[in-house]
Protein chains: 4
Amino acid sequence: MIIVLKPKASRTQVEAVIREVRNLGYKPHPIIGVERTVVAAIGDERTHQTLETLLAMPWVDQVMPVQRRYKLVSREGHPKTSVIRVGKREIGGKRVQIMAGPCSVESERQIVDTARAVKKAGAAFLRGGAFKPRTSPYDFQGLKEDGLKLLSLARQETGLLIVTEVLSEADVDLVARYADILQIGARNSQNFALLIAAAESGKPILLKRGMSMRMEEWFFSAEYILSRGNPNVILCERGIRTFETMTRNTLDLSAVALAKTETHLPVIVDPSQAVGRADMVSTLCKAAIATGADGLIIEVHPDPKQAMSDGAQQMTPRQFEIMMRELKPFIHAAGRC
Amino acid sequence: MIIVLKPKASRTQVEAVIREVRNLGYKPHPIIGVERTVVAAIGDERTHQTLETLLAMPWVDQVMPVQRRYKLVSREGHPKTSVIRVGKREIGGKRVQIMAGPCSVESERQIVDTARAVKKAGAAFLRGGAFKPRTSPYDFQGLKEDGLKLLSLARQETGLLIVTEVLSEADVDLVARYADILQIGARNSQNFALLIAAAESGKPILLKRGMSMRMEEWFFSAEYILSRGNPNVILCERGIRTFETMTRNTLDLSAVALAKTETHLPVIVDPSQAVGRADMVSTLCKAAIATGADGLIIEVHPDPKQAMSDGAQQMTPRQFEIMMRELKPFIHAAGRC
Amino acid sequence: MIIVLKPKASRTQVEAVIREVRNLGYKPHPIIGVERTVVAAIGDERTHQTLETLLAMPWVDQVMPVQRRYKLVSREGHPKTSVIRVGKREIGGKRVQIMAGPCSVESERQIVDTARAVKKAGAAFLRGGAFKPRTSPYDFQGLKEDGLKLLSLARQETGLLIVTEVLSEADVDLVARYADILQIGARNSQNFALLIAAAESGKPILLKRGMSMRMEEWFFSAEYILSRGNPNVILCERGIRTFETMTRNTLDLSAVALAKTETHLPVIVDPSQAVGRADMVSTLCKAAIATGADGLIIEVHPDPKQAMSDGAQQMTPRQFEIMMRELKPFIHAAGRC
Amino acid sequence: MIIVLKPKASRTQVEAVIREVRNLGYKPHPIIGVERTVVAAIGDERTHQTLETLLAMPWVDQVMPVQRRYKLVSREGHPKTSVIRVGKREIGGKRVQIMAGPCSVESERQIVDTARAVKKAGAAFLRGGAFKPRTSPYDFQGLKEDGLKLLSLARQETGLLIVTEVLSEADVDLVARYADILQIGARNSQNFALLIAAAESGKPILLKRGMSMRMEEWFFSAEYILSRGNPNVILCERGIRTFETMTRNTLDLSAVALAKTETHLPVIVDPSQAVGRADMVSTLCKAAIATGADGLIIEVHPDPKQAMSDGAQQMTPRQFEIMMRELKPFIHAAGRC
C-alpha cells in the first residue's frame, strides 16, 4: 500500500506512520517528495490487514492499495478461463449458452409451453422464478415450492436444465434439490450469509451484479463463493442503476469485457432486466455476444401482458425464435457457436 | 393508473387496452387527446394488480401509477409521527437520541470503555457490530456471539441500550436475545427474507437505506416489516452511492426531510458511514439535526488507527464529547432536547 | 398532460386546477378516482406552456407529460433515418463510417503520419483536437489555429475529412473554415449559446451526449440545432458518469439503440472516451456495431505514452489496423459495409 | 505520482518506466514489492506534465496522483477564508448572505414587488434570470437585455445587489454592465471559454457545481477563474444528479463542508434547484446553515403557479418571510449573523 502524508507532516508524524506500518506487518519504505512524504508499505495486501485505519491519523491524507485482493477469481493466478459443467452443458466454452423462460413460474401450462418453445428455438437452460424478490410486499411473491415442482416437470418434458433464484438461506437446500444452477439476484449480491449457504450447496451459482455494485465488489462476492470451496460461479451483468430513466437500468457491457479479462470466470448477460423493455432485448443480445459474453439469460412468456410480474420486458416465444435466428451471424462473427 | 398509447394507435388497439384494464379489475376511462389517447384506470392500485404488464402491447407507450402503494408506512393514513419505545427511551419523540460506539466489537475493554465514554457524553444507545458485512471474505467478520456477549456486558455496566446488526435469518433469534434494536444494514435492505425474519422477532428494527435505493423502495422495505405486524421501524439514512469520490457515499439529507413527511416513522442519520471520514461527522450531525432527524448513530472507538474495521471514520471519545457539546445549540434551534 | 391531485383535495381545489388548466390553453378533463382526482389536460404539449407550474398549488401531487416534445428530431414525424452527407461520404447510410486520429493535434509529423495510417486501415474521417477542453487550466489546451492548419494539411495529404471540436462561440467561424464536421463535446452539450452558433455555421454537427445527460435532454440539444435550420446532426454516445471506477465512464449502448428508434438521426459511438483504456476499445467497437451504430470515433496516436493528453486511451496505428480487420465480420453480421 | 506496474513486469519494462518518468521531468524512485514493482515519481505535479500517459505501456497497471493540483483555490497555500466584497456586502464573512428572487425576470411589477418583499424579509441580493438555459428550445428563454434593465430598476428601488446568470461569452460585457455578481450555471460549469470571459470581466463570479461534477472538477473550474486574475469566486452547491426521482437533484451538503475545508472560497447553497420543490426549501436552508454555508440563494415568486419557468420550486413572498424567521435560531447556533 501507499500511504500519502499531508504536506506539513512533521518528522515525528512520519515516524509514527512508519512505526504503525511495521506493527501491522508490513515493511515501511518512506519516500521524501517535493511537497509531501509518501510511505510505501511492502507486504502481501491479500493476507495482512488493510492499512486504511491509518487515515485515523490526522496527518495521513490518502491510503492507496496497490494489489488486487480477490486472489481466487483473479485471472492473474489462473490464466485459463474456467468452464463450468452443468449436466451435459458447458458454460464458458465455445458455445454461447442460452437461458430463457418466464420471469415467474405461473402454471404448468405456462412453464411447459414456454420450455418447449425456447428449447425448439435453441435454448439449453430454462429460467423461471419460483421465489420472487418484489419491491412491494403486496406484489406476487412466486409459487414457491409448487413453482420448483413445475420447473422440474418442465425439465422432465424437455431436457432443459433449470436456473432459478434462491432468496433465503433457509431455502437453499430446497431450491438445490430442484435446480441445476442457483441464481443469486442483484438485491442479494452482498447478502453474504446467502452467498455462503449457496456456495456450500455445491451447486453452480449464477451471481448477478448488484444494482450499484462496483466491479471489484462483484468479484469479491464471487470470491466469497470460491473461498468456500465452490469454484462454479457464473457472473451475470444485468444493468446498473444510473440517472437515466428511459431504460430501467443501464446495461454495462464494459463490465462484461472487464470481468472476462480480470477474472477467469464465465460471464453472461441479462438484457431483459437491464432495460425492462422487450423491444430492445434482441439488439442488446447482439452487443453482448460481440463483447464476448458466454451466455444470455432472457425472459420469455407465452402472453406477456397477462404475466404476473414484469410483463413489459418479456418476449413472446415467436419474438424469441426470430431473435435466435438473428443472433446467429453475430455468434459466428465472435468465433463462437 | 394512466395508460398512454402511442400516437397512431388504432381504434381496435384502444379497445384491446380498455378490455385488458377491465379484466385486471379496474374501471377504464378513455380520453381522446390531440395526438394520443390516454386510458385512465380507476381502482385501488394498492389492492389490484399493477397494470405495467400492458406495456407488453406494442401500442402502449407509458403506464403511470397515480397512487402511493405503501399504505402502512405512509403518513397519508397515519398523520401522527410514530414514537418507538425501547426500554425507557423514545425514538421519534422530542429528544434527539444519540447512538454511539465502535464499528466492530473487538474486546471487553474496548467496548466497555467506549460505552462509558459515550454514555458520559450523552448517548443513550450503544452501537457495535458483532456480525460484520465485509466486501472481502478476507476481512475481519466480527466476534459473532462473543461480540453479542460483550455488548450485553457493556449494557449491564452502563445501562445503555444495544443496537447491533443482524446479517443472517439464521441468527435473528440469537441477536434478538442480546440486542434492544436489530439493525438491517444497507446491503440487506432488500433481503426480504431477512426483513421478514427480523420483523417476526418483535424487536424494533433500524432499517438502513440501501446504497442505491430510491426512497420509494426504502419505504416498501419498511412496509414489509409493518405488514408482518411489527410497527417499530426506525429509518436510517446513511449515504447513497454516487459518482463523487472525495466522500465514501453522498449523505442525502433531503431524504430525511422527505421520509419525515411521506411516512410517520422516525428517521435517524448515520454520518460516519455516509462520508467515511471522522473529521466531517460533527458538521453533518448539525445538518442532520437541522433537517429534523430524530437521532444520530455515530462511530466512536478508543483508538481508531488500531480498529479492526473502518478506522478512518471512527471518532475518538474525546472528539465525540466535543461534538456533543457543539450539537446542543442546534438541538435547541430545532426545538428538540 | 395529466395532473394528479392529492388524496384529500377539496372540490374548490379541483376547480382551481381546472380553471388554471383552461387559462394555460388546454382543455381540462377531470376524472374522479377511488382515492384521488386526476385532471387530463388536452392540447398540444409541444406548443403550449408546460403545466408543471401547477405543482405550486399545494394540493397538486404530480404533473405528468404525455407527449414527447422534441418534434424535429423525433422519428414519429420523420420515419426515415436521416443520411448526413459530408463531402463524398454518408453518415447514416449502409456504410459504418470510421473516424480516427489523435486526442490532440501535436505536430505536423504526428498528425500526417496518423492520418496516413488510419486511412490505410480504412478510416474516412480524421479526428484531432485543436482546442482541448481540459479539467485543469494547467494542462495542455491545444495548438488552436495552428492545430486547425495541421488538420487541413493532413486532409490535403490524405483526402480524409476533418472532425474537430469547437469550444467557444467566438471560434465557430474559424473552426468552420477548416473542419468538415464541428464537434460539440460532452461538457458543452447544454451550452445552448454554442449549440446555436454551431448550428448557424451550416456545418454538420457531431453532438456528444453529456456526462450525465438523460437521453431526452440529448435529443432536446439536437432539437436546438434542428430548430435553427441545420438538419445535419450526428449523435455520439461517449459514456456516462456512474459510480463505477474501473472504467472512466460507463458506455451506454442501450442509448444507441434507443436514439436510433426515438430519433431519425445517425448515431455513432466513442469507445475511447467511454472507457479511457485502449485495451478495451476493440471489444466495445464490436458491440457498438452490433447495436446498430452508424459509425465509430476512435483515438489513435503514433506513440501514446508521449501523448500530450489522454495517452492511456489512444491506440497505436498497429492496434488500430488489427482492430479494423477484426471488426469486419461484425460489420457484415450487422448487414452493413 | 505513484506508478504501479503489473505483477509480471520484467526488468526491462521497469527500466522503460524509469526512463520515461525521468524524461517527463520527474525523479524516479523504484520500490520492489512482494508481488509488484512501484515507481514513485518525485517532482511537482502541479507544474510538470501528468504521468497518466504511462498507462499506454501495457505493463503499467495504475498511475496515482499524490498532490492536489488546484493551487490557487486550495486552502493549503491560503489558510484564511476569502471574503468577497460586493458593494457594501461581504460574502464569506460573519453574516450569512441571503440572495432571493424569481427564477426568471418576467415583468417590472413582478421583479420590483419581489425585490421589495425579499428585502423586507432580510435578503441583501436579488436573483433573477434574464438569460435562461432551458432544456427545450421551445421553453421561455428569458427577457434578455430587457430583463437586465428590470433588474437594474429593482436595484434602484431597493438597494439590493443583483446576481444574474450569463449564458454566452458574447453577453458577458452586457450582463456585467447590469449585474453585481455574474452567475455561471450548472450546465456551463465546464464551459471554459465562458469561465475565462467571465473571469476577465473582473466581476465576482458565483460558480455553480455541475450536475455530475466531482468536487475536484469544481475546484478546477474555480482555478480557471483565479488563474485569470479574478480572485472573487463564490462556490454554489445546487444538487447533483443521482438515481433518486422523488427530488429533482440530490443536495450534497458534504460538498459544502468539504469545499470549506479544501478551498478558501466562500460557499453558498441553492436548495430551490436542488430539490425542485418549494415545500422542502426551508428545511434544507437550515441544514445548509448548520453545515457552514456562507449564504443561500432562494427562488421567490409573487405567484409561483403563473411563473414562466420552474413554478414548483419557487416560494411565495409570505413563505419566504416565514422561513427567514425560522432560520434565525440556526444562524445563531452556527455563530453567524
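Is C:Cys236 buried or exposed? C:Cys236 counts as buried, at 0% relative accessibility, where buried means under 20% relative accessible area, exposed over 50% and partly exposed in between, with a 1.4 Å probe and protein chains only. This is a predicted model, in which local features need pLDDT of at least 70, side-chain atom pairs count only at pLDDT 80 or more, and totals for chains, interfaces and linings use all residues. Residues are numbered from 1 along each chain as its sequence is written, chains are lettered from A and ligands numbered from 1 in the order in which they are written, and side-chain values use heavy atoms, with hydrogens and water left out.

**Cysteines**

- The whole structure holds zero disulfides over all chains, a disulfide being a pair of cysteine sulfur atoms within 2.5 Å.
- For C:Cys236, the closest cysteine sulfur belongs to C:Cys285 and is 11 Å away, which is too far for a bond.
- C:Cys337 is also in no disulfide, with the sulfur of C:Cys285 as the nearest cysteine sulfur at 17 Å.
- C:Cys337 is partly exposed, at a relative accessible area of 36%.

**Interface of chain B and chain A**

- In this interface, 48 residues of chain B are in contact with 47 residues of chain A, contact meaning heavy atoms within 4.5 Å.
- The two chains bury about 4,100 Å² between them, 49% of it on carbon and sulfur atoms; buried area is the accessible area (1.4 Å probe) that two parts lose on being put together, summed over both.
- On the chain B side, the most area is lost by B:Tyr138, B:Arg241 and B:Lys305, together 17% of what that side buries.
- Four salt bridges are found across this interface, each defined as a side-chain nitrogen of Lys or Arg within 4 Å of a carboxyl oxygen of Asp or Glu.
- A:Arg241 forms a salt bridge with B:Glu217, with 2.7 Å between the closest N and O atoms.
- Helices H5 (192–200) and H6 (215–226) of chain B each supply at least two residues of the side that touches chain A; helices (H or I, at least four residues) and strands (E, at least two) are DSSP runs numbered from the N terminus.
- H6(B) gives the most to that side, with four residues.

**Interface of chain A and chain C**

- Chain A and chain C contribute 38 residues each to the contact.
- About 2,900 Å² is buried between chain A and chain C, 73% of it on carbon and sulfur atoms.
- A:Phe243, A:Met246 and A:Phe330 supply 22% of the area that chain A buries against chain C, more than any other three residues.
- The count between these chains is two salt bridges.
- A:Arg209 and C:Glu244 meet through their side chains in a salt bridge (2.8 Å, N to O).
- Helices H6 (215–226), H7 (253–262), H9 (281–290) and H10 (317–333) of chain A each supply at least two residues of the side that touches chain C.

**Loop residues**

- A:Lys144 has a positive phi, near 55°, and is not a glycine.
- A:Lys144 lies in the loop between strand E8 (125–127) and helix H3 (145–158) of chain A, and is partly exposed at 41% relative accessibility.
- C:Leu24 sits in the loop between helix H1 (11–23) and strand E2 (27–32) of chain C, and is buried at 13% relative accessibility.
- The C-alpha atoms of C:Leu24 and C:Ala41 are separated by 9.8 Å, the two residues being 17 residues apart along the chain.
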